[in-house]
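Please find below my notes on the fold of this chain. They cover the sheet, the helices set against it and the nonpolar cores.

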Amino acid sequence: TMTEPLIRPAVDADAAALGVLGRQTFLDTFVEGFGIPYPAGDLARFLDASFSPEAIRAKLQEPGAAWWVAERDGALLAFANTGPNTLPHPDARPSHAELRRLYVSKAAQGLGLGTKLLMVALEWMEANTDGPLWIGVWSGNAKAKKLYAAYGFEVAGEYQYPVGAWMDDEFILRRG
């Protein structure tokens with residue numbers, strides 16, 4: 001029988017595996033799944049900047065950030081990370097918490113890990129904010145928008161998220 005996935009805080013030793021999981025999940029979701037036609041050079045630069053072990057290690061150390069992983073038998077299946085708000089909204093402050101990524105690998109879809117990680121992250125965010133909670137989400141990701149709406153998030157604005165020089169249209173979601 002498969003062991004039950006465990007959710008735990010991420011540690012420095014997870015950096016390389018987190019990078020691999022993040023890179024593959026981005027490709028599976030946005031390139032394969034949604035078919036966003038990123039120019040190859042922009043995509044490569046973005047993936048290296050976002051998901052190299054060094055980049056992840058630095059982000060794990062960021063003051064005010066928190067990371068969690070879901071793992072089973074030593075393999076990472078999903079992760080979530082939060083930190084000081086970076087979204088460009090007039091009401092948003094760095095002292096507010098932002099859910100930055102909630103990634104579930106293709107292999108782990110349907111296990112409920114996205115919801116479990118979201119609940120852990122939201123609990124932490126509520127305890128570590130002095131205002132609303134924020135999430136940026138790709139405008140075409142109906143499944144993610146539906147999940148966040150179920151937890152009280154509403155569209156509060158939009159912005160452009162750079163993938164290299166390519167700009168993705170994103171929604172800014174707010175709760176509270």
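The points below go from the sheet to the helices and then to the cores.

1. The model is predicted. Its seven strands form an open sheet in the order β1-β2-β3-β4-β5-β7-β6, and the pairing is mixed. At the edges are β1 (6-9) and β6 (154-163), each of which pairs on one side only. Direction ignored, neighbouring strands are turned by 25° against each other on average.

2. The pairing of β1 with β2 is antiparallel and spans four bridges. Within it, I7 has A70 of β2 as its bridge partner. Helix α2 (residues 40-51) packs on the sheet, where it touches β4, β6 and β7. The direction of α2 makes about 110° with that of β6.

3. Helix α4 lies across β1, β2, β3, β4, β5 and β7. Relative to β4, α4 runs at about 165°.

4. The largest nonpolar core has 25 residues, and those touching the most other members are L99, L102, L117, Y148, F153 and L173. At least two residues each come from β2 (66-72), β3 (75-84), β4 (97-104), α4 (113-127), β5 (133-138), α5 (142-150) and β7 (166-175). The helix α4 gives the most to this core, with six residues.

5. Which residues is L102 in contact with, leaving aside its neighbours within four places in sequence? They are F79, A80, G114, L117, L118, L147 and Y148.

6. There is also a second, separate core, made of 22 residues. Among them are L21, F26, I56 and L76.

Technical notes
Residues numbered from 1 in each chain as written. Predicted model: local features only at pLDDT ≥ 70, side-chain atom pairs only at ≥ 80, totals over all residues. Heavy atoms only, no water. Core = buried A, V, L, I, M, F, W, Y, C linked by side-chain atoms within 4.5 Å. Buried < 20%, exposed > 50% of the residue type's maximum accessible area, 1.4 Å probe, protein only. Contact = heavy atoms within 4.5 Å. Pairing = 2+ DSSP bridges. Axes fitted to C-alpha atoms, helices over the stretch in contact; angles between N-to-C directions.
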